[in-house]
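This report describes how the parts of one protein chain are packed and joined. Please keep the sequence and the model in view while reading.

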Amino acid sequence: MFRHKIMKPGAALLLTAALFAGGTPASALYSPSVNAVTKQVTAQGKAFNVSVVTIDLTDPTLELAPALADGGIGHDSPLQAIAEREGAVAAINGTFFNAYESDSTIRYPNGTLLQAGEALHSGENQTFFLNRDKVPGIQFVDLDIAVRVSEGSGTYTINPWGVNKYYGEGSTDQVVWYTPDFGRWIGFAGGTKVVIEGGIITRITNDSVQVPPGGYVLFVGNSANNRQYVLPNLDVGDRVTKELLAKGEGGSSLNAQSWLAAIGAGPKLVTGGSVDLDVKRDGFSDPKVTQSSAARSFIGIDGSDRLVMGTVPSATLSQLAAIAIQLGLKEAMNMDGGSSSGLYANGTMLTYPGRELSNALLVRKLDKPKVQIDINGQPVYDYSGFIVKETTVVPIRPFITAMNAGFQWDAATRTATITNAGVTLKLKDGSSTATVNGKSVPVPVPLQIMEDSRMYVPLRLVAESLNSKVDWNSRLYRASVRLP
């Protein structure tokens, strides 16, 4: 039987989405790949007015992502404000959260939130996800992480209770992993804060700390067990890595690292084009959710693998499942509803929530088509490229790492020098030429160091200079590079 995690009140990896989505102006919030309509649907002998938004997620200028309210985990904001801040062309309210918590800073979400293989919030729910092949799915997922702490040749593994959660002062045995998405200082009493920057423990303290940009904080509760078995294995200077853990029904292992986005809520409504509603299986017992007629939100997948978002002014879960079938959905699940129910598309609010929200599922409109990168058959999850004037531009760092190439940076001239297998490649920030073994080579798009401090270069320049080959998948906008 599935268990439902209830939230108690109380990157080393950089997300590439932030590079290209943040600057989209509100005036550009339209995409022809997003279609919004209102339909009258008859289900179980009753007519319902259903607001429906259908999105083709294979469009390379669109990006699916969960989004948080201003201030991070635990805060709430109007759905329209979240959508406009994120440059969204479609948005729906997300997973359940502690909406009735009087303290507006601890209205924590309950379900899984994941973007680009990075957990924003752990959970155990029916979960909608989108993989790197742009194929969506809905299934039960238990999402957690494992933390490996290394000193010398020894490694110690920690299994945190959760990501960006807090289980209350009484849970002295808790161990929690915090990311910058938490959005504020970690000041909880009764525990030790372990600060991690650049994959290294830099500070261990009982004082309040802020999650460093691109870093993490491990909170270790002050129980006798943690003092005896966990804290002695943590020292300043230790190396720290994390592993995303995802299990499906029956404990099967899932590759959530490859997911572009995921959000957990439930219950499940439809599987394989048939009603699949089992509230007990999916961990729900509150009659307001399981039996009452109320405003409802849902997401699903149609026969063309498009994402479908929808809201209904009033329906039971059973009626909602029947509506999803009438809409032709082959997979569907319930989202948070009632006063949280909200829907937005192409700059227009179709359904206004009756409250501010802690999170949402949205589709961003990107300034440039986004490019996935594979090197020697291995996906590069934490980097992506984009297209400028029909030229594919990618970060140089993954190639240096994959080849174990030599790298030098001249800060005075802002020039990078890469050496490998008899090739010396020189790249200067802002230049329209590169130097390969002393020969000047023109490039169609100037080399540039972006705001993430990464140097981006035309893909063909990299491939030809380093004697590599490139295969291009036009449907997925994926560049697969084969190094020599």
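Tyr166 is buried, since its relative accessibility is 4%; buried means under 20% relative accessible area, exposed over 50%, and partly exposed in between, with a 1.4 Å probe and protein chains only. Phe188 is buried as well, at a relative accessible area of 13%. The model is predicted: local features need pLDDT of at least 70, side-chain atom pairs count only at pLDDT 80 or more, and totals for chains, interfaces and linings use all residues. Residues are numbered from 1 along each chain as its sequence is written, and side-chain values use heavy atoms, with hydrogens and water left out.

**Aromatic rings**

The structure holds 13 aromatic pairs. Rings of Phe, Tyr and Trp (its six-membered ring) pair if their centres lie within 6.5 Å; planes under 30 degrees apart count as stacked, over 60 as edge-to-face and the rest as tilted. One of these pairs is formed by Phe96 and Phe284, which are tilted, with 5.5 Å centre to centre and 50° between the planes. Phe96 belongs to the loop between strands E4 (88-93) and E5 (113-115), and Phe284 to the loop between strand E20 (274-275) and helix H4 (287-290), so the pair ties together parts that are 188 residues apart in sequence. Helices (H or I, at least four residues) and strands (E, at least two) are DSSP runs, numbered from the N terminus. Phe96 is buried at 13% relative accessible area, and Phe284 is buried at 9% relative accessibility.

The rings of Tyr166 and Phe188 are stacked, because their centres are 3.8 Å apart and their planes stand at 10°.

**Nonpolar cores**

A nonpolar core is a set of buried Ala, Val, Leu, Ile, Met, Phe, Trp, Tyr and Cys residues joined through side-chain atoms within 4.5 Å. The largest one has 66 residues, and those with the most contacts inside it are Ile55, Tyr178, Ile299, Met309 and Val363. Helix H5 (residues 317-326) contributes the largest share of this core, six residues. Another core, of 30 residues, lies apart from it and includes Ile375 and Val394.

Seven of the 10 residues of H5 are buried, so the helix is largely enclosed by the rest of the structure. Among them are Leu317, Leu320 and Ile323. Just after H5, Gly328 takes a positive phi of about 80°.

**An open sheet**

Seven strands form an open sheet in the order E1-E2-E22-E21-E23-E19-E20, with antiparallel pairing. Strand E1 (34-43) and E20 stand at the edges with a single partner strand each, so one side of each has no neighbour in the sheet. Two strands pair if DSSP finds at least two bridges between them. Seven bridges join E21 (residues 294-301) to E22 (residues 307-315), where Ile301 stands opposite Leu307. Three bridges join E19 (residues 268-271) to E23 (residues 331-334), and the bridge partner of Thr271 in E23 is Glu331. E19 and E20 form a hairpin with two residues between them; in the turn, Gly272 has a positive phi of about 60°.

**Charged side chains**

A search of the whole structure finds 19 salt bridges. A salt bridge is a side-chain nitrogen of Lys or Arg within 4 Å of a carboxyl oxygen of Asp or Glu. The table gives examples.

| Salt bridge | Closest N and O atoms |
|---|---|
| Glu63 and Lys370 | 2.4 Å |
| Arg132 and Asp374 | 2.9 Å |
| Glu331 and Lys268 | 3.0 Å |

Salt bridges that share partners join Glu63, Asp70, Arg85, Glu86, Arg364 and Lys370 into one network. Glu63 is buried at 10% relative accessibility, and Lys370 is buried at 18% relative accessible area. Arg132 and Asp374 are both buried.

Charges also meet rings: Lys368 lies over the face of Phe386, at 5.2 Å from the ring centre, and the charged end of Arg397 sits over the ring of Phe407, 4.9 Å from its centre. A charge sits over a ring if NZ of Lys or CZ of Arg is within 6 Å of the ring centre and within 35 degrees of the ring normal.
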